[in-house]
Amino acid sequence: MTAQTSATATAPAGTKTYKLLLIDDESSIRDNLKEYLENHHHVGSGYSLSVDEAATVAEGVDCLKTTAYDLVISDINLPDSNGFELLRQARAMYPGIKAALITAYDLDSYIRMAKEDHIYNIITKTAPFNFEELSRTVHNLLFPDEAMGLETYLEVGASQIEHRVMKNSDDIMKVHAELVAFMKPFDLPDHDALSVVMVEALTNAVYHAPRDEAGEEKYIKGEHIDQLLESETVDVKWGVDGDKLGVSIRDKFGAVKASDVLFWLDRNISGESIFDTHGRGMYLIHRLTHRVIVNLWRGKSTELILLHYLSDPPADNKPLAINEF
Amino acid sequence: MVFLDIGEQLLIESVLQQCPLGVLLLSITNAELLWRNQMATTLLGAHASIGETFGSQRQGEQFLEQIRNDKPFYHHIEDGGFVFVPQTMTTPDGSQGVCIVWMIPSSSMDVDLANLQRDWLQQRKLATVGQMIVEMVHELSNPLSSISMGTQLIAMSVSKLQQRLPKEELSQPHISQWFEKIMRELTNVSSAVQKASKLREELLAFSKPSRLQLKPVSPEVLIRNSLNGFINQPLFRRIAVETEFAADLPQIMCDAEKVEQIVYNLLKNAAEAMEGKGMVELRVFLKAGMVTFEFEDHGPGIDDAIIDNVFSPFSTTKKETGNGLGLSICRDIIGQHGGSFSVYNTAKGACFQMRLPSYSVAREKHLTGGAMALLDGTMQRKEGDEACTDRKNDQSAV
């Protein structure tokens with residue numbers, strides 16, 4: 001099958017069109033994704049997408065040779081090689097190119113490769129397919145600074161978003177108690193698991209975020225902190241919309257790197273973490289929450305967004321969504 | 001070996017090593033074990049040391065007699081039973097000789113060798129079919145994605161059209177009915193695909209080597225869910241379950257689905273032991289950081305002769321009805337959790353004790369989440385065994 005260049009999607013004159021390269025060996029999937037991205041992509045406005053398709057790594061590379069794409073999305077399993085290899089070649093040609101992978105299989109199997117190749121977004125093919133997430137992922141890749149904020153992920157008209165600031169170590173359990181009370185009326189089957197997730201996330205933000213001048217962690221986990229400096233306080237927000245609840249936990253340091261997150265996930269998936277607890281919190285959060293989005297505004301703020309569906313939980317196969325800028 | 005030259009010996013040894021049955025070579029003079037193959041070593045373990053009389057002194061004599069008879073005989077060893085098929089080869093005067101003994105795992109003397117071979121082949125065939133199915137199911141993912149995405153996109157397009165049509169047109173009955181019908185059909189297709197996708201996930205999860213899905217669970221919720229499965233079954237209609245929960249029980253970190261199945265299994269065993277009528281006392285309390293579940297029935301208890309073997313995979317105390325997990329699997333699963341599983345007789349009947357670490361204990365032992373679920377079998381079993389050595393005096397903990 002030869003690569004096809006698309007007719008330009010109908011975009012109002014004057015709006016920018018971003019060029020996307022889509023690689024998947026299944027033609028019907030390529031058709032569907034292209035149709036969606038060109039005609040139904042709605043997260044973010046004022047621009048449109050134009051999608052070129054390829055069915056193999058070789059075809060994809062051919063496309064890359066002739067066009068400077070803004071974004072490449074590739075299936076992992078391809079007939080002649082794999083998506084990781086394709087992205088390596090794409091980045092060799094265009095160092096700053098934005099990239100994501102798609103897979104029908106278990107995310108866990110690819111975390112190590114994602115870590116090694118610095119891939120931070122992997123979309124999972126579930127049935128039904130989450131087009132909303134695809135739309136959000138594409139927008140976040142093109143405009144990562146717009147990925148932050150809980151409001152971004154809850155439907156318009158969501159309930160009021162609560163906001164608290166953790167100023168000392170006692171606030172961790174105080175905020176946790178409020179979060180548990182907030183979740184209780186929804187009678188979630190995973191309530192207990194989520195409670196654990198919240199403890200991990202809140203605790204880690206307070207203890208692991210603050211750095212001293214040398215860049216080392218300032219506080220020791222477990223020690224009582226009477227008062228965090230203004231620059232060390234942590235903002236926690238939560239709210240609910242029609243089908244999910246959301247929590248965001250945000251620090252003012254932005255010391256976490258995307259590669260750190262993958263390092264933690266990988267060592268817990270592989271079992272290397274058995275002798276220590278390094279990264280266990282992030283792993284548990286990722287494992288037990290329906291959706292986790294990690295926003296890394298380097299040097300400014302690290303934000304963890306936790307989304308959990310109230311009923312009709314999504315398929316087990318979770319995507320990887322880390323936005324670093 | 002007396003009769004063969006070294007070349008032939010090595011050849012035969014290599015063939016026998018690959019034999020899926022256990023093979024022993026015994027001296028016919030004193031039942032001394034001269035040689036055994038890998039499978040025999042695996043099956044017999046400590047019971048067969050080269051150079052020593054096979055089995056205990058007493059058993060050695062028994063064996064000798066049975067061997068000299070050259071007829072197959074049944075013998076029960078700790079973990080299971082075997083039919084031993086001896087083949088004796090002696091020097092012409094009968095003074096020296098060896099006996100090759102083939103060990104066929106069996107629960108009784110009734111070994112139909114022809115059936116055995118057929119079953120063996122059938123198993124291999126099923127395993128191949130199983131693999132084929134798993135591969136096919138993997139391949140289903142793309143078609144299912146296509147169907148699902150296609151349907152969703154049609155729905156989006158129809159929806160857009162609906163929004164663009166002028167009101168006068170939309171309000172016409174046949175038009176509005178059309179839209180309704182289309183959206184309804186699309187929803188139906190979408191649900192069906194979702195179901196197919198879930199089935200696929202379940203099958204793939206089932207075929208993967210067993211991985212624990214751990215999460216914090218309250219013991220009360222766990223028991224409540226297990227009892228719900230139990231209540232509606234005819235077997236349990238005249239069984240009373242009296243539960244007693246200690247106050248302030250901590251959460252446990254466990255694979256809730258698997259542990260619920262184990263609880264169900266234990267209750268089912270108790271019900272069968274009491275022949276469908278009686279009481280089971282279920283107590284849950286915290287002891288030394290372990291949440292302890294005790295299932296005490298008012299039945300006949302477990303025979304002293306078999307109580308030591310009750311957790312072995314070859315246990316023949318009752319016919320396997322197929323629905324329950326074998327007790328050995330239950331023990332393995334609890335062991336993987338870092339807990340322990342034991343049984344002992346009380347004045348009232350049999351008592352099964354299952355202990356699972358509380359969430360905080362599991363955290364300390366770094367056994368939470370991914371780390372625990374991914375420990376390989378040997379490491380987990382070590383944890384389980386350590387916990388198991390904590391015995392009461394009158395218990396038989398395994």
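Predicted model: local features only at pLDDT ≥ 70, side-chain atom pairs only at ≥ 80, totals over all residues.
Some housekeeping: residues count from 1 along each chain as its sequence is written, and chains are lettered from A and ligands numbered from 1 in the order in which they are written. Local features need pLDDT of at least 70, side-chain atom pairs count only at pLDDT 80 or more, while totals for chains, interfaces and linings use all residues, and side-chain values use heavy atoms, without hydrogens or water.

In chain A, helix 1 (residues 27-39) packs on helix 5 (residues 131-142) at about 60°, with the axes 11 Å apart. Axes here are lines fitted to C-alpha atoms, for helices over the stretch in contact, and angles run from 0 to 180 degrees between N-to-C directions. That angle makes helix 1 of chain A oblique to helix 5 of chain A (under 35 degrees is roughly parallel, over 145 roughly antiparallel, 65 to 115 roughly perpendicular, the rest oblique). Contact (heavy atoms within 4.5 Å) involves Leu33(A), Tyr36(A) and Leu37(A) from helix 1 and, among others, Phe131(A) and Val138(A) from helix 5.

Now, strand 10. How many residues of strand 10 of chain A are buried? Nine of the nine in residues 301-309, so strand 10 is largely enclosed by the rest of the structure. Buried is under 20% relative accessible area, exposed over 50%, partly exposed in between (1.4 Å probe, protein chains only).

Strand 8 (residues 244-250) of chain A runs antiparallel to strand 10 of chain A, joined by seven bridges. Gly246(A) has Leu307(A) as its bridge partner, and Arg291(A) also stands opposite Leu307(A). Thanks, all!

Definitions and conventions
Helix = DSSP H or I, 4+ residues; strand = E, 2+ residues; numbered from the N terminus. Pairing = 2+ DSSP bridges.
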